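Open the model in your viewer and keep the selection tool ready. The tour goes from the whole chain to its parts.

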Amino acid sequence: MEAPPTTVTVSRTFAQRLSATPRGARLARHLAVAQLHVWGGGFAAPEVIDKVSVIVAELAANAVTHGRVPGRDFELRLALVTGSVRVEVTDTRADRRPPAPGAVRPPRPLDDGGRGLVLVDALADRWEVLDRDCADAPGKTVRAEVDLPPRRRR
């Protein structure tokens, strides 16, 4: 027996296109934290901000490092959905897809990289890789959700 579909209500959103540079990736993290503070209430709970901050930093760094197409930006989107904060980072490179949730392998101890999605997998309550929904531009979106503590849900 399948679970009945759940209704997701989006109450607030934030979106920003950023340059696909290390500076753009740093700015994405700062903007995400600032936006959670602007939204206030339970969305600014320290445990939620910490998780969202790391997830945005890792996904933005991946968009800049692995999803960069010269001359194209990446996009950060935040949304408050029923019981959670949703993070979406969209880049314009469709041919390099990250592994799916559950298929992320930890790096070897001396590897220089490969820890970003391990962190996302550990911190996000759910995450997925989606094809970009824009027909005239290729790319992908990595979506992650961090659940709000029960006492802070609206």
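**Whole chain**

Colour the protein chain by pLDDT, the predictor's confidence in each residue, from 0 to 100: the average is 83, and 82% of the residues score at least 70. This is a predicted model, in which local features need pLDDT of at least 70, side-chain atom pairs count only at pLDDT 80 or more, and totals for chains, interfaces and linings use all residues. Residues are numbered from 1 along each chain as its sequence is written, and side-chain values use heavy atoms, without hydrogens and water.

**Helices and strands**

Switch to a cartoon view. The protein chain has three helices and five strands, taken from DSSP runs (helices: H or I, at least four residues; strands: E, at least two) and numbered from the N terminus. Along the sequence, their pattern is β-α-α-β-β-α-β-β. Select α1, the element with the highest mean pLDDT (95), then α3, with the lowest (87).

**Nonpolar core**

Which residues touch the most other members of the largest nonpolar core? Select Val52, Phe74, Leu76, Val87 and Trp127; the core has 36 residues. Such a core is a set of buried Ala, Val, Leu, Ile, Met, Phe, Trp, Tyr and Cys residues joined through side-chain atoms within 4.5 Å. Buried means under 20% relative accessible area (1.4 Å probe, protein chains only). Next, select the elements that give two or more residues to this core, including β1 (12-18), α2 (46-65) and β5 (140-147). The largest share, nine residues, comes from α2.

Methods. Buried < 20%, exposed > 50% of the residue type's maximum accessible area, 1.4 Å probe, protein only.
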